[in-house]
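Try each task before you read its solution.

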Amino acid sequence: MTTRKYSSELREAQAEATRDRILDALVEVLAEGVDSLSIPAVAERAGVSVGTVYRHFGDKAGLVRALIPYAQRQTGTEVEAIPETLDEMEAVVRKLFHHYEKTDDLLRAAFASPPGRELRVKESKVRLGMIRKALRQIDGELEPDRLEHAARLGLILTTSDVYLQWKDRLGMGPDEAASEVMWAIRTSIDGPQHE
């Protein structure tokens, strides 16, 4: 006898709403500056059982890993495709900066917590790989050292922290800051060789 799995749009919507409520609670708990995250604290804040958190995320590591895609959905910073031209890369940077402009302080505080910083370091490795791939597509003849320098520069210059520096220290908006970042990336690709 085969068992048929029951599925409905309503049940899926309820599960998604529960996941989001748990992730909202995670952001709140992290924003309070916790050094050690606990599932019971997140469950209590979300108004769900500890078992519900485990059922949706598996374990604490799974819960924390879910924060990046959640934050990307909340801020609209998902990158749908790897840019193939510098113009496409500039469009991605502009999109990121416009969304960083709208990121709320609670989410920023969550990523500034020790668990949030650890997660950002891991995510940075993924983003660095995406930037390397984009730069290879843009200029397949870039020397390995130049590619690595440009990719690292691109990673750092496109973070929300650096965007806030463009905004706070120089009074730049998202478009102007994106133009400055792309000037730096173009210069790092086309500039003189450093030996």
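**Exercise 1.** Find the element that gives the largest share of the lining of the largest pocket.

*Solution.* Helix 8 gives the largest share, nine residues. Helices here are DSSP runs (H or I, at least four residues), numbered from the N terminus. Other elements giving two or more residues include helix 5 (67–75) and helix 6 (86–102). This is a predicted model: local features need pLDDT of at least 70, side-chain atom pairs count only at pLDDT 80 or more, and totals for chains, interfaces and linings use all residues. Residues are numbered from 1 along each chain, and side-chain values use heavy atoms, without hydrogens and water.

**Exercise 2.** Describe the lining of the largest pocket by residue class.

*Solution.* Start with the count: 36 residues line the pocket. Then divide them: 21 are nonpolar, nine polar and six charged. Here Asp, Glu, Lys and Arg count as charged, and Gly is among the polar. Finally, look to the centre: Tyr100, Glu123, Arg127, Thr158 and Thr159 lie nearest.

**Exercise 3.** Which residues of helix 3 (residues 50–57) are buried, and why do they line one face?

*Solution.* Seen down the axis of helix 3, the buried residues fall within an arc of 105 degrees, so they line one face. The arc is taken from the directions from the helix axis to the C-beta atoms. Next, check the partners: these residues pack against helix 1 (9–31), helix 2 (39–46) and helix 4 (60–65), with contact meaning heavy atoms within 4.5 Å. Gly58 follows helix 3 and has a positive phi, near 85 degrees.

Conventions
On a 1 Å grid over the protein atoms alone, a cavity is a set of points where a 1.4 Å probe fits but cannot get out, and a pocket is an open set with protein on both sides within 12 Å along at least five of seven lines; lining residues have an atom within 4 Å of a point.
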